[in-house]
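Keep the model in view while you read.

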Amino acid sequence: MASTIQALPTEVVYLITAGEVIDSLASVVRELVENSLDAGATRIVVSLWPQQWRIRVADNGCGMNIDDLQQAATAHSTSKIRSSDDLWKINSLGFRGEALHSLTTLAELEILSRPASGKVGWRVVYGDGGKAVQVEPTAIAPGTVVTVSNLFANCASRRQGLPTTAQQMKAVQAAIQQIALCHPHVTWQVWQNDRQWLTIYPAATVGKLLPQILPQIRQGDLQEVKLEVPNPANSVLPCTDAINRVCTPNSALSLVVGLPDRCHRRRPDWVRVAINRRMIKSPELEQTILAAFHRTLPRDRYPVCFLHLVISPDQINWNRNPAKTEVYLNELTYWQEQITQAINQALRISAANLKESVHTTRVTKLLKAAEQKGNYNFKPQNPNEDNKTPNSCTDAINRVSPHSLKAVAQVSNTYIVAEHPGGMWLIEQHIAHERVLYEQLCDRWQLVSVEPAIILYQLSPAQVSQLQRISLDIEPFGEQLWAVRNIPAMLQQREDCAEAILELSWGGDLQTAQVAVACRSAIRNGTPMNLPEMQTLLDDWQRTRNPRTCPHGRPIYLSLEESALARFFRRNWVIGKSHGI
């Protein structure tokens with residue numbers, strides 16, 4: 001019987017490989033842009049003609065000499081790895097040597113390049129198999145220009161199966177924005193049909209770049225955290241600068257979060273994770289982020305969060321997915337713990353984030369009409385502090401401790417007016433106390449026996465089951481009567497204890513029950529409080545892990561810094577004028 005198994009022809013192998021690597025306009029852009037970034041580019045221009053299936057990527061990177069250009073598009077050719085050992089210490093975005101060769105299989109490829117030290121540039125046109133079929137000198141600035149024409153010309157079914165042009169351009173935009181978040185120092189220009197379509201300007205940090213991508217978010221809505229994290233055991237030193245190979249004794253964790261009292265989303269579409277300068281999909285890490293924001297956001301809302309880990313290359317296996325969007329990550333539990341701690345730190349109110357802009361729409365509109373604050377500072381100097389500069393108010397903010405709020409008054413028996421060195425805050429007493437009680441309950445959920453038992457009437461089987469689920473001791477006490485013999489300790493002294501237990505019986509897990517108990521037990525709005533009581537509440541509230549929102553996601557406080565008050569009252573206007581001041 002003749003053998004039916006045969007080796008595939010080389011051209012078929014190349015076509016299958018190319019189809020896995022290059023599947024859309026966005027994938028072409030991604031592969032070419034990653035090559036530009038590996039070459040050290042700080043300015044990248046992407047031009048697209050989608051109806052012509054043509055793409056051009058130009059950069060100011062290190063460029064290639066003529067020998068490298070002739071070899072660049074052949075199969076499995078790369079300058080980034082040399083042996084199998086290098087697969088475990090990858091510090092570049094590309095490493096397989098597949099992108100350019102795949103493009104020669106599916107399209108027409110032309111590269112112009114000139115190294116920074118070269119006196120002349122070269123233009124190379126590639127044919128089948130990635131061989132250079134046309135080589136000529138050309139005038140070009142240092143860098144590289146890659147042009148891909150007639151994409152998928154030999155694969156008409158692929159063109160027909162792709163989404164509409166508008167959808168493809170949206171995918172290109174998303175790909176560039178994701179890469180830009182990982183490389184905030186790069187300038188991006190995108191042209192569509194010879195018209196400028198998208199520009200992303202460089203920024204010092206990701207937090208300053210993000211408002212360009214999400215215009216509805218202001219920089220004051222974001223909190224950035226940068227931490228050095230000890231490496232897990234048995235890891236080598238990570239390179240925080242893959243281009244210059246600068247290695248540090250610790251890994252780095254960068255986090256940009258939208259403060260939950262200011263911004264959130266309808267979908268979890270802005271929970272993003274990057275590792276070593278590349279955006280990835282990691283359900284485990286994404287769920288860790290969502291869990292860290294639990295009970296800080298309104299119902300069915302999701303956080304804005306960008307996480308970037310720069311970790312030891314030997315902790316990552318990139319060779320999992322052709323698009324390199326999924327990885328195998330060692331010590332996953334360790335990184336999940338570090339991420340949770342970093343998010344908790346970002347959500348606290350500390351000296352680093354005390355100085356905040358006014359974040360309610362009404363007050364913001366009022367302040368837009370005010371003049372910019374001048375050099376005049378109305379706050380009088382302490383005569384015993386002769387060495388202070390006119391910016392002593394700012395210095396005080398930088399030195400302030402996180403528990404320096406001073407209760408001043410109560411408004412409408414609902415809001416606490418508090419003073420701090422940078423201005424004033426307005427805190428709603430009920431939800432601030434609710435946050436305090438909720439975290440106490442999470443840390444110390446305690447059930448205590450009650451005598452006599454609390455009698456409830458006409459409970460459904462589902463309600464009885466729910467009370468048993470949260471560990472309450474409940475038993476029949478007669479026809480349509482039920483006796484509850486233990487309750488949460490916080491409800492023990494409340495007159496409405498029976499109503500509170502009835503509320504707990506309507507469903508939810510233990511955390512839902514804890515929220516309900518905290519809400520039921522918190523100081524009610526409309527309750528008068530004296531200054532010591534208000535101060536105690538402020539001190540307890542500032543010590544909570546997530547002081548910005550209540551467990552239901554409502555913002556707890558409104559901040560007005562002194563400079564904002566000065567602008568609104570236009571204090572700089574009266575100086576030097578005849579107003580008797």
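H12 and H15 cross in a right-handed sense; a crossing is right-handed if the near helix is turned clockwise from the far one by less than a right angle, and left-handed if anticlockwise. This is a predicted model, where local features need pLDDT of at least 70, side-chain atom pairs count only at pLDDT 80 or more, and totals for chains, interfaces and linings use all residues. Residues are numbered from 1 along each chain as its sequence is written, and side-chain values use heavy atoms, leaving out hydrogens and water.

**H12 and H15**
- Helix H12 spans residues 429-443 and helix H15 spans residues 510-521. Helices are DSSP runs of H or I with at least four residues, numbered from the N terminus.
- Their axes come within 8 Å and cross at roughly 140°. Axes are lines fitted to C-alpha atoms over the stretch in contact, and angles run from 0 to 180 degrees between N-to-C directions.
- H12 and H15 are therefore oblique to each other. Angles under 35 degrees count as roughly parallel, over 145 as roughly antiparallel, 65 to 115 as roughly perpendicular and the rest as oblique.
- On the H12 side, the contact includes His430, His433 and Glu434. Contact means heavy atoms within 4.5 Å.
- By class, this contact has eight nonpolar, five polar and one charged residues. Ala, Val, Leu, Ile, Met, Phe, Trp, Tyr, Cys and Pro count as nonpolar, Asp, Glu, Lys and Arg as charged, and the others, Gly among them, as polar.

**H2 and H6**
- Helix H2 (residues 25-38) and helix H6 (residues 165-182) have axes that come within 8 Å and cross at roughly 25°. That makes H2 roughly parallel to H6.
- The crossing of H2 and H6 is right-handed.
- H2 brings Leu25, Ala26, Val29, Arg30, Val33 and Leu37 to the contact, and H6 brings Gln168, Ala171, Val172, Ile176 and Ile179.
- These residues divide into nine nonpolar, one polar and one charged.

**H8 and H9**
- Helix H8 (residues 283-292) packs against helix H9 (residues 332-347) at an angle of about 30°, with axes 9 Å apart.
- H8 and H9 also make a right-handed crossing.
- Among the residues in contact are Glu284 and Leu285 of H8, and Leu332 and Gln336 of H9.
- The contact holds seven nonpolar, four polar and one charged residues.

Key: Helix = DSSP H or I, 4+ residues; strand = E, 2+ residues; numbered from the N terminus.
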